[in-house]
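Reader: Could you walk me through this one, beginning with how a pocket is defined, before we go into particulars?

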Amino acid sequence: MCQPDWKPGLLGSVFFLFWSASLLFVPKLADKFGRRWIYLSSRLIETALYIASVAISEYWGMVGLMSVFGLAAAGRINVQAVYIQEWVPRKSQTHWSVMFSVDSAFSELLALSLLWFVTQDTFYVRIIGLSLCLLSIPATIALPESPRLLAAQGNVTELQAAFQRMAWFNRKNFALTPD
């Protein structure tokens, strides 16, 4: 069955429209409530959306899902980039930023290659996205809030706990001494 040209265009554009709109308020929420909680919330929302996308086949339902995917994208992509950068030393931020971008681009390339060369059915791409969401949730729960954000907020108790958890992961001893 042939579809009008505007239908696939709308489906692709609505994601970016809502992602752009969410950039007006999501970064401010991350500064207020913490990067970890915004990122975790976006991954939980995306997990529910991936599950719903397997069940929905109606066009306008998919447009609605892509709109909410766009809203959650700012938490997944933009807030996560800052969250990760605040965990690494400044001298390593360029390296990790490039690795993060390559990883994101590679996953997109893999999904597009799957659609182009293997099957036109997006079911498998949705299952891969769901799997990545499910893997990232426990990892996010294991990480504490960004130490830089905690320091900027003056939250010394949580900052010390974050450093203790980082030391435990790295099998190092750490003691925060007041100056």
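Author: On a 1 Å grid over the protein atoms alone, a pocket is an open set of points with protein on both sides within 12 Å along at least five of seven lines, and lining residues have an atom within 4 Å of a point. A cavity, by contrast, is a set of points where a 1.4 Å probe fits but cannot get out. The model is a predicted one, in which local features need pLDDT of at least 70 and side-chain atom pairs count only at pLDDT 80 or more, while totals for chains, interfaces and linings use all residues. Residues are numbered from 1 along each chain as its sequence is written, and side-chain values use heavy atoms, with hydrogens and water left out.

Reader: Which residues line the second largest pocket?

Author: Its lining consists of Gln3, Lys7, Pro8, Leu11, Gly12, Ile56, Ser57, Glu58, Tyr59, Met62 and Met66. The elements giving two or more residues to that lining are α1 and α4, where helices (H or I, at least four residues) and strands (E, at least two) are DSSP runs numbered from the N terminus. The largest share, four residues, comes from α1.

Reader: How much space lies in the second largest pocket?

Author: About 310 Å³, a volume being the space filled by probe spheres set on the grid points, which are joined across faces, edges and corners.

Reader: And how much is in the largest pocket?

Author: The largest pocket holds about 1600 Å³ of space. It is lined by 43 residues, of which Tyr50, Arg76, Ser107, Glu108 and Leu132 are the closest to its centre. Two or more lining residues come from each of α1 (6–22), α3 (35–55), α4 (59–85), α5 (93–118) and α6 (123–142), and α5 has the largest share with twelve.

Reader: What classes do the residues of that lining divide into?

Author: There are 28 nonpolar, nine polar and six charged residues in the lining of the largest pocket. Here Ala, Val, Leu, Ile, Met, Phe, Trp, Tyr, Cys and Pro count as nonpolar, Asp, Glu, Lys and Arg as charged, and the others, Gly among them, as polar.

Reader: Switching topic, how many helices and strands are there?

Author: The secondary structure comes to eight helices and zero strands, and the C-alpha atoms fill a box of roughly 70 × 30 × 30 Å, taken along the principal axes.

Reader: Is Arg36 buried or exposed?

Author: Arg36, found in helix α3, counts as buried because its relative accessibility is 13%; buried means under 20% relative accessible area, exposed over 50% and partly exposed in between, with a 1.4 Å probe and protein chains only. Leaving aside neighbours within four places in sequence, Arg36 is in contact with Tyr83, Thr140, Ile141, Leu143, Pro144 and Glu145, contact meaning heavy atoms within 4.5 Å.

Reader: Why does Phe163 count as partly exposed?

Author: Phe163 counts as partly exposed because its relative accessibility is 23%.

Reader: Last one: which residues touch the most other members in the largest nonpolar core?

Author: Among its 15 residues, they are Phe15, Trp19, Val26, Ile38, Tyr50, Phe69 and Val79. A nonpolar core is a set of buried Ala, Val, Leu, Ile, Met, Phe, Trp, Tyr and Cys residues joined through side-chain atoms within 4.5 Å. Helix α4 gives the most to this core, with six residues.
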